[in-house]
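Please read this briefing alongside the sequence and the model, beginning with the nonpolar core and then turning to the elements around it.

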Amino acid sequence: MNILRIVSLVLLVSSLLTVSIVSAYAQYPQDGEKYETLGVRHDTRPNVCLFEPNPTYVNWNYWKDVEFESWKAILDWQIEMTEFTNGEDWSMHIFNTVPYIEHWNKTPDDYRHCSIFLTYEAWNTKKNSGALGLTGIDFKKSSHKFMYIVVYLHAVENNKIVLDIGDIKENNNGTIKFDIKSERKELPLNSVYNIVLHELGHGLGLGHYTKSVKDGYTKSVMFPSLDPFNEQQKFKITMADKFMLTQIYGFDGYYKPHPIIIPDYCLFLNDGLMSNGCY
Ligand SMILES: [Zn+2]
């Protein structure tokens, strides 16, 4: 496998509007594996809202499959956690998908019932960014706290997933026009599932699981890179993931979260299952 094709699931925990996230990038442990949190959490059941992408750039049938994969990822977080904690309630509320024509000119404040925004864009227009998905956080405003996820549905299948400069043409009036490159392809559905599973992990407060090997995704869905056009690669929520979520919310689901203080990170032993302790 060409390792260059492994691209980053950039944890753009570049806060959407600004949040000070407890950053826990201390030293990388030598024999442990580090699993970080974002230092934030939901204090009630998460309300997940899906927003349809611009249908001009995303094939309708493909989008319906993407929507289905997204539901599967949401439900898998729910099912795995419920099973892990012997039946506690880890359900999330999934609202009806908001059509593009309804939301294209709206802001998150128009959807105050949503605490996780799951949005889709045709592709990443950021120059030199190979990100296939990103999560931002707005926990600043007191009344409407939310996580904002963007999943990019097309990428260029080559060594580096970046946008060529030739793609962007600026008009006289300053607006930017995008040309679709023929090499840009729809991501396989397994990849969409993997990305949603990963970004939703951020949406729930999980940071990254760091391990210095390329197959780190077998240890955690929060491993920060994947091979987008490998149709065999399927992320699966692991013990480490489930354990880590309980470090943020306790063992009894999203209601009345405890402990009071969210750990910055935990160190895992080499099997990715046992925690060495959380800090
Ligand atoms: Zn990430």
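In this predicted model, the largest nonpolar core holds 61 residues, of which Phe117, Ile149 and Val151 touch the most other members. Such a core is a set of buried Ala, Val, Leu, Ile, Met, Phe, Trp, Tyr and Cys residues joined through C-beta atoms within 7 Å, and a residue is buried if 20 or more other C-beta atoms lie within 10 Å of its own, exposed if 12 or fewer, and partly exposed in between, with C-beta atoms placed from the backbone. Strand β7 (residues 146-152) gives the most to this core, with seven residues.

**Basis**
- Residues are numbered from 1 along each chain as its sequence is written.
- Because the model is predicted, local features need pLDDT of at least 70 and side-chain atom pairs count only at pLDDT 80 or more, while totals for chains, interfaces and linings use all residues.

**Strands β6 and β7**
- Five of the six residues of strand β6 (residues 133-138) are buried, so this strand is largely enclosed by the rest of the structure.
- Strands β6 and β7 run antiparallel and are joined by six bridges, with Gly133 opposite Val151 in β7.
- Beyond its neighbours within four places in sequence, Ile149 has contacts that include Phe117, Gly133, Leu200 and Gly203, a contact being two C-beta atoms, placed from the backbone, within 7 Å.

**Helix α3**
- Of the 15 residues of α3, 13 are buried, so the helix is largely enclosed by the rest of the structure.
- Just after α3, Gly205 takes a positive phi of about 115°.

**Whole chain**
- Buried residues make up 37% of the 279 residues in the chain.
- The chain has four helices and 15 strands, taken as DSSP runs (H or I, at least four residues; E, at least two) numbered from the N terminus.

Note on methods:
Two strands pair if DSSP finds at least two bridges between them.
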